[in-house]
Structures are given as C-alpha cells and as structure tokens.
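Student: I would like to learn how to read a protein model, one feature at a time. Could you take me through it?

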Amino acid sequence: QWEEIQATSPEVQTGGTRMVMGGGLTPGGGADDMIYTNVSSTGNTINFGDFAAGSITHSMQAGSSRTRGIFAGGYRNNIEFITISTTGNGVDFGDKINWVANTSQGYCSNSTRMLTFNGYNSTPTYAARNEIQKIEMSTLGNSQDFGDTQNTEYFLSAVASPTRAVFGNEDAGLQYVTFSTQGNSASFGSITGAGKYSAHSNAVRGVFSGKKSNTTCQYVTIATLGDAQDFGDLTVARDYNCASGSSTRGVIAGGYTPSYSNTMDYYQIATTGNLVDFGNLQEGRLRQAALSNGHGGL
C-alpha cells in the first residue's frame, strides 16, 4: 500500500508538485504557450509547450489529475490536454459546448472531473452566463452540462476538495456544488475584495486573491459554510492573476498593476499572513489559467 501511494505522488511523478500556466495576455498580445515551475522551490518559470496552431488565447479554464492537465475555452471552443510530468504541446481533447466564446469562467477539479462556472460569451453579442459545465478528464470528448449557478456573472475563481467545489467573487458571492452529483449550486457565503480569476486550495482550506487591483487575499474552510476571512496581502497589488500550487503552498502569478506584471508570490496554506516573493514569469502576463498535480481536489 505504501508503494502504491508513492507511485502516484507528485514527488515521484515530477520531482515535486508542478504548476503549469497557459495562455494569457502579454505586452506583445495574446499568448499561445504554456510555462511551468516546481512549487516546492522558488524561481522563474520555464517553457512547457504550445497550444494548437492559431490558439492565441486568454481567460481559459484549467483542471488536472495527478497526471493529466486540461486547458479549455478562452475565446475559443478548444479543449486540450497535457501530461504534467513531461513537457510538450497540447493535444486535442474535445470542445466546449453551448456558446462560441468560453471565457472568464471560474474553474476547478477533483481527480476525475473538471468544472467550469459562469463566464460570458462575446459572439454574436456580449452576455453573461450562469451555466456549470463538466469535463470528464480521463476520457476524450466534449464538455457536458452540469447545472446552473444562482446568478449570471463572470470573472469568477474556484477552489476544491475531493468532494466539493466552492466558487464565486465579490459580486456573485460564494456558491458550492458537490462533484459527484449534478445540479444547481447553493449559497456558501460572501467574499469581499478578492476572487477575480485567482484561487488555490488544499483539501481543507481555499485562498482567493485578485480583485480591483488590491492586495487582499481571503480564505474559506471548504467543508463548512460561511463568509471568507482575511488571509494576508500580496507583495504587489494586482488583479487578473492566476494561482495554483501544492497541498501546503499556493503560488500566485502575473496580473495587472495597471501594467503587465511578471511577479510571482507564494503563501503557506495552513497559516495566515502576507505573501512572499517566489520568482518571476519570463514576461509580464495576465488572464492566464493555471493547474497543478498537487491541488486540493486530488
């Protein structure tokens, strides 16, 4: 039994928990590549691979198991997958359903199922949405309907345990669903000053950041219901960042200050306090998606 557990751990798979970031906006325009870092260390990011030809995109959604990462949507319908322990280009998985431009949605996953929340479509006309979609990560295929949220909203972020997903932002409040069932979301609590794009969790605690160019980070206990509480502050005030990490450490990358930021911060999930410098992105980048092989849904 001990050997079986070790065989699926991030340390055996990659030498540590690996965080992969994809897409986004850079000073030169949209990005069509992925970059990564090892969460247990500190330092700058490294090239991972590229998305499909012509897939210059931002505001995607991401999810992952211990071995496979999924990037989806973001002004396109593409779903692509990667093998986290290697580097290389994205591989076709399927398509997002229901509307043309799947963007600015909240996202999270457990070990088998990835969920996306709300967002908006810009084609043929702009409109906020309230759909929840699911992607079964171990197979190939299109996303499927899961249920509806309580309101139409976008710029959401989400965290997960193996059983529950919690998502929202300051305007929509926090809501939750249970991964194993399908249906509409229920109220969880409120959150202020955090929650645009960026969130990460272990199986117990979720940390949200990034809202209206401030430094605020707030946290929730996923298994309970209640309002988010103060966690600490970013090293640099910014929004449109992304986050992922391990069961002990969260990493927040990039954002808008209001210029393109290459800053990366980290925090210890079990404690509260201000964040610490981690390293830098290769260039300033915002509105990218992030995943890891060590998040709280695993």
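This is a predicted model: local features need pLDDT of at least 70, side-chain atom pairs count only at pLDDT 80 or more; totals for chains, interfaces and linings use all residues.

Student: How many helices and strands does the protein have?

Tutor: Helices (H or I, at least four residues) and strands (E, at least two) are DSSP runs, numbered from the N terminus. Here the protein has two helices and 28 strands, and its C-alpha trace spans about 50 × 45 × 40 Å along the principal axes.

Student: What share of the residues counts as buried?

Tutor: A residue is buried under 20% relative accessible area, exposed over 50% and partly exposed in between, with a 1.4 Å probe and protein chains only. By that rule 58% of the 298 residues count as buried.

Student: How many cavities does a search of the whole structure find?

Tutor: Rolling a probe the size of a water molecule over the atoms shows where empty space is left. On a 1 Å grid over the protein atoms alone, a cavity is a set of points where a 1.4 Å probe fits but cannot get out, and lining residues have an atom within 4 Å of a point. The search finds one cavity of 30 Å³ or more, and the largest cavity holds about 210 Å³ of space. Its lining has 23 residues, of which Y107, C108, A158, A199 and H295 lie nearest the centre. Among the elements that give two or more residues to this lining are β6 (61-64), β10 (106-109) and β28 (289-292).

Student: Is K212 buried or exposed?

Tutor: K212 counts as exposed because its relative accessibility is 53%. K212 sits in the loop between β21 (205-209) and β22 (216-221). Contact means heavy atoms within 4.5 Å, and K212 touches E170 and D239 when residues up to four places away in sequence are not counted.

Student: Where does E153 lie, and which residues is E153 in contact with?

Tutor: E153 is found in the loop between β15 (144-148) and β16, and E153 counts as buried because its relative accessibility is 17%. Leaving aside neighbours within four places in sequence, E153 is in contact with N118, G119, A128, R129, N169, D171 and A172.

Definitions and conventions:
Residues are numbered from 1 along each chain as its sequence is written. Side-chain values use heavy atoms; hydrogens and water are left out. On a 1 Å grid over the protein atoms alone, a cavity is a set of points where a 1.4 Å probe fits but cannot get out, and a pocket is an open set with protein on both sides within 12 Å along at least five of seven lines; lining residues have an atom within 4 Å of a point. Grid points are joined across faces, edges and corners, and a volume is the space filled by probe spheres set on the points.
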